[in-house]
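Work through the exercises below with the structure open beside you. Try each task before you read its solution.

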Amino acid sequence: MSRYQMTGEAVPGMPWQERPAGLSGAPVWRYTENPVIGRNPVKGVARIFNSAVVPYGDGFIGVFRGEQTNGIPYIYLGRSGDGIHWSFEEEKIHFTDREGKDAMPAYAYDPRLVKVEDTWYIIWCQDFYGAAIGMAETKDFKTFTRLENPFLPFNRNAVLFPRKIHGNYALLSRPSDSGHTPFGDIFLSESPDLIYWGRHRHVMGKSSEWWESLKIGGGAAPIETSEGWLLFYHGVSGTCNGYVYSIGGAILDLDEPSIVKYRCETYLLTPEEWYEERGFVPNVCFPCATIHDAATGRIAIYYGAADSYVGLAFTELSDIMDYIKKHSVVRDADTDPGK
Ligand code: BMA
């Protein structure tokens, strides 16, 4: 019996590879056949990366950041039987408003896909007088209805929690500027209706650890565990030769997720493989989703690699929780409830 439990369904068909012998550092290992999505995956799309997937029916479904050959990113729908081999619709996801009228954003990137109760929500970055967050809902992956934009510009990174907390939807985001933001902390906002957002709280900031000393941002939708919300996020270092994006881990309080219980001082995954170090933007590991099996504690992390590919990494609930707790450094700024 695992020392921890996670909330969620059993996903016996999820992608998985056993932990390799001799793994040092964090208990996170890459899929040996990475990347799982390569270049030119769909007609008119040069690269797919920073994308989110969920179990659906007998297999998996996902929303994918597809960089078109004209350089403009949009969101594409993909399906897979095994979570590894994906087929994509050639037409980008068509968003409409409540009346069914066309409501396509000018561009859309870094989508997340999160099920809350009986609805799936897509959250992404788009133009709203500058970079801002867009949202849509679907119940069938055929009709995608735009919701109100939750925030004023600028904000480029938002992640919804998979259930309401105290009766409210909860959204992590990272307020920013409209460019390649050289700063950024993670904040929490709540909404009773997905229209009005408030009760904003600071969750955590960049840290003095070099790998996340420039900015941080939410990654995959938090996983509910017996110990708190397990969050895989991205942490950025600003080197003399550009930004480096690594994957970090934290555990947030279940009832008040703006309180950080544990925060791992080391990264969990950092660019090392060719597909992470080499690409359109080198040195990027950008987590956007997990698939996790509550029955076994297995977790598969989907991450964008070098803004060019999708990679898959694995971990196991007990090991990652223990590792984050053992290497935790929580600063005052991450715990103050009045923040
Ligand atoms: C961030 C976002 C991500 C991207 C990363 C590295 O600001 O735009 O989509 O993966 O930069 O280029």
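**Exercise 1.** Which residue caps the N-terminal end of H2, and which atoms are involved?

*Solution.* Begin with the kind of model: it is predicted, with local features needing pLDDT of at least 70 and side-chain atom pairs counting only at pLDDT 80 or more, while totals for chains, interfaces and linings use all residues. Residues are numbered from 1 along each chain as its sequence is written, and side-chain values use heavy atoms, with hydrogens and water left out. Next, find helix H2 at residues 317-326; helices (H or I, at least four residues) and strands (E, at least two) are DSSP runs numbered from the N terminus. The cap is Glu316, which has a side-chain oxygen 3.1 Å from the backbone nitrogen of Ser318.

**Exercise 2.** Find the buried residues of H2 and name strands that cover them.

*Solution.* First, apply the cut-offs: buried means under 20% relative accessible area, exposed over 50%, and partly exposed in between, with a 1.4 Å probe and protein chains only. In H2, Leu317, Ser318, Ile320, Met321, Tyr323 and Ile324 are buried. An α-helix has 3.6 residues a turn, so residues three or four places apart point the same way. Then look at the cover, which includes strand E17 (228-239), strand E18 (242-252) and strand E22 (309-316).

**Exercise 3.** Is Gln68 buried or exposed, and with which side chain does its own side chain make a polar contact?

*Solution.* Locate Gln68 in strand E3, residues 59-68. Because its relative accessibility is 13%, Gln68 counts as buried. The side chain of Gln68 makes a polar contact with the side chain of Lys92, at 3.3 Å; such a contact is a pair of N or O atoms within 3.5 Å, where, within protein, one must be able to donate a hydrogen and the other to accept it, and residues adjacent in sequence count only if both atoms are side-chain atoms. Finally, leaving aside neighbours within four places in sequence, the residues in contact with Gln68 (heavy atoms within 4.5 Å) include Gly44, Tyr74 and Tyr76.

**Exercise 4.** Which strand supplies the largest share of the lining of the largest pocket?

*Solution.* A pocket is, on a 1 Å grid over the protein atoms alone, an open set of points where a 1.4 Å probe fits, with protein on both sides within 12 Å along at least five of seven lines, and lining residues have an atom within 4 Å of a point. The largest pocket is lined by 32 residues, with Arg156, His180, Tyr245, Val281 and Asp307 nearest its centre. The largest share, four residues, comes from E18.
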